[in-house]
Amino acid sequence: MINTSRAAWTTRRGMLYALAAAGTLTTGGLVVDGSRRAEPDVPSAPVGSARPDPSRAREIRAEFLHAWRGYKRYAWGHDEVLPVSGRHREFFAKGHPVGLSIVEALDTHYLMGLDDEVDLCADWIVDHLDFDIDADFQVFETTIRLVGGLLAGYLATGRRGLLRRCVDLADRVLPAFTKSPTGMPYRYVNLRTGRVSGATLPLAEIGTNMLEFGVLSDLTGDNRYWRAAKRAVRAVVQRRSSIGLLATSLNVESGRWADRQGSAVDPPVDSFYEYLWGAWEMFRDEECRDWFRSFAAALRKHQAERVGDRLWFKHVDFRTGALLDRRQSSLAVAILPVGGDNALAADYYRSWTAVLDKYAVIPEAIDYRRLTVVSARNELRPEYANCAFQLYWQTGDAYYRTTAWRYFQNLRKYHRVPGGYTVVTDVTGRPMPQGDHCPAYVFAENFKWLYLTFSGTSRFDYAHGYLSTEGKVLRGLRRA
Ligand code: DMJ
């Protein structure tokens with residue numbers, strides 16, 4: 001089991017893996033931009049991978065395929081499927097498809113052993129995907145979905161064409177960083193011209209690049225990607241308040257805060273913290289580890305709040321700690337602010353399990369005092385399954401599989417339509433009304449987290465694996 005005495009305060013995907021791995025590190029490694037980067041030693045295999053449940057894994061895979069067939073039938077080559085009307089839509093720029101769902105699905109297909117689909121997707125990317133597009137692409141989404149997806153696809157298949165596409169795309173994104181006077185990226189970049197726009201953006205968008213760019217630097221030997229991503233994060237950290245908190249949005253030209261709301265662990269700041277820890281996990285970056293720990297301490301001190309036996313995180317004024325808000329986004333469920341305290345991580349998951357049990361499908365946002373709905377939609381969110389996987393992976397506690405299965409059953413019951421899977425527009429309605437959209441991250445996340453929880457697949461190295469905020473396996477894919 002996990003030795004919590006050497007555990008660190010961690011978030012989201014890297015979080016509990018970090019608990020197992022902490023303190024077992026090699027001292028070798030390369031140095032990039034003054035930060036040490038090394039490979040970790042092998043922690044013992046996480047207990048959660050020990051007992052495969054092939055029958056449930058098969059059911060999950062069948063549902064993934066159901067969603068995928070809807071995409072292939074109605075939207076092939078486009079970004080996202082509208083599975084009810086049988087239409088499609090683009091995610092980044094109207095009229096400019098980049099086959100986003102194909103890129104998102106690639107390593108999921110691989111993990112599930114769907115090799116014909118892997119080939120189909122990889123061939124399409126190599127033959128058809130061209131990023132010479134005269135349109136503004138959102139830097140954050142481009143990085144976590146496309147750069148990350150192409151990296152994971154390359155790591156799964158070894159196909160150089162995928163890596164070449166990835167490098168081409170990252171080079172087109174880089175001006176968002178290099179043209180910024182502070183090093184914090186602009187929100188948008190025109191992929192053809194390099195024109196940048198959008199100077200005010202939230203922390204998740206500024207600081208969720210280090211893992212993808214770091215892996216790309218490692219694979220290519222070109223440190224420009226890692227350097228740009230790290231510099232952006234440093235610029236944010238330098239702007240923390242005297243009580244050690246960050247607000248939500250910054251102007252990347254002036255370097256000034258655009259608000260005063262300390263809203264961790266919620267979006268749109270969530271993955272900023274996740275990637276600080278991730279940079280330590282993946283690259284042994286001690287500076288990021290230390291930043292993470294100091295933010296963690298401040299967050300626990302100023303934002304953690306108990307309501308009965310449930311744990312939540314309030315929004316506060318980042319300079320004074322004064323209460324601003326008691327809303328919580330369902331995306332925050334994937335972030336477990338444990339601070340070396342495994343019990344705290346479990347508590348937060350249990351808080352969200354109470355929401356799942358109350359509504360069957362978790363609403364986008366709640367007021368946590370009475371678990372009342374603030375935003376009643378569910379955009380096919382993967383975060384609860386993500387969290388269940390992390391906790392099961394590390395503890396082997398059957399509770400996480402039981403609750404993950406409950407999530408899956410409700411996913412199938414309320415989100416399934418003949419053309420695939422779709423969003424729910426009001427989780428309080430009976431029957432629950434459905435919308436007409438399958439976000440591309442569904443192919444990267446929901447079914448992958450569930451499949452990893454139940455399958456024990458030999459294609460994933462449960463002892464070393466590391467997944468990004470978008471569920472991309474950036475380390476630990478085993479070649480078939
Ligand atoms: C995904 O795109 C990623 O998980 C991202 O970090 C934010 N949330 C969506 C899914 O909800």
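# Values against cut-offs

Me: Which residues is Lys448 in contact with, leaving aside its neighbours within four places in sequence?
Reply: Asp107, Thr108, Leu111, Met112, Leu467, Gly471 and Lys472. Contact means heavy atoms within 4.5 Å. Lys448 belongs to helix α17, residues 446-455. A helix here is a DSSP run of H or I with at least four residues; a strand is a run of E with at least two; both are numbered from the N terminus.

Me: What kind of model is this?
Reply: It is a predicted model, in which local features need pLDDT of at least 70, side-chain atom pairs count only at pLDDT 80 or more, and totals for chains, interfaces and linings use all residues. Residues are numbered from 1 along each chain as its sequence is written, and side-chain values use heavy atoms, with hydrogens and water left out.

Me: Why is Lys448 called buried?
Reply: Its relative accessibility is 1%. Buried means under 20% relative accessible area, exposed over 50%, and partly exposed in between (1.4 Å probe, protein chains only). Lys448 therefore counts as buried.

Me: What makes Thr143 buried?
Reply: Its relative accessibility is 0%, so Thr143 counts as buried. The residue sits in helix α5, residues 139-157. Beyond neighbours within four places in sequence, Thr143 is in contact with Gly148, Val173, Thr208, Asn209, Glu212 and Phe213.

Me: Why is Gly435 called buried?
Reply: Gly435 has 15% relative accessibility, so it counts as buried. Its place is the loop between β19 (420-421) and α16 (441-444). With neighbours within four places in sequence set aside, Gly435 is in contact with Val84, Thr422, Val423, Val424 and Thr425. The C-alpha atoms of Gly435 and Arg377 are 9.3 Å apart, though the two residues are 58 residues apart along the chain.

Me: Is Pro268 buried, partly exposed or exposed, and what value decides it?
Reply: Partly exposed, because its relative accessible area is 35%. Pro268 lies in the loop between β10 (261-262) and α11 (270-283). Not counting residues up to four places away in sequence, Pro268 touches Pro202, Leu203, Ala204 and Thr248. Its C-alpha atom is separated by 8.5 Å from that of Ser249, 19 residues away along the chain.

Me: How do you know that β11 and β12 pair?
Reply: Count the bridges. Two strands pair if DSSP finds at least two bridges between them. Four bridges join β11 (residues 304-307) to β12 (residues 310-313), so the pair qualifies. The two strands run antiparallel. Glu305 stands opposite Trp312 in β12. β11 and β12 form a hairpin with two residues between them. In the turn, Gly308 has a positive phi of about 65 degrees.

Me: What makes β5 and β7 edge strands?
Reply: Three strands form an open sheet in the order β5-β6-β7, with antiparallel pairing. β5 (136-138) and β7 (196-197) each pair on one side only. Two bridges join β6 (residues 188-190) to β7. Val189 stands opposite Val196 in β7.

Me: Which residues come nearest to the ligand?
Reply: Arg381, Glu383, Glu445, Thr469 and Glu470, of the 12 residues around it. A residue is near a molecule if one of its heavy atoms lies within 4 Å of it.

Me: What makes a set of residues a nonpolar core?
Reply: Its members are buried Ala, Val, Leu, Ile, Met, Phe, Trp, Tyr and Cys residues joined through side-chain atoms within 4.5 Å. The largest such core here has 159 residues; Phe272 and Phe447 have the most contacts inside it. Helix α13 (residues 342-359) gives the largest share, 10 residues. Phe447 is in contact with residues including Ile60, Phe64, Met112, Phe408 and Tyr421.

Me: How much of the protein chain is buried?
Reply: Buried residues make up 65% of its 480 residues. The chain exposes about 16,400 Å², and carbon and sulfur atoms supply 46% of that. Its secondary structure comes to 17 helices and 21 strands.

How values were computed: Accessible areas come from the Shrake-Rupley method with a 1.4 Å probe; for residues, only the protein chains shown count as cover.
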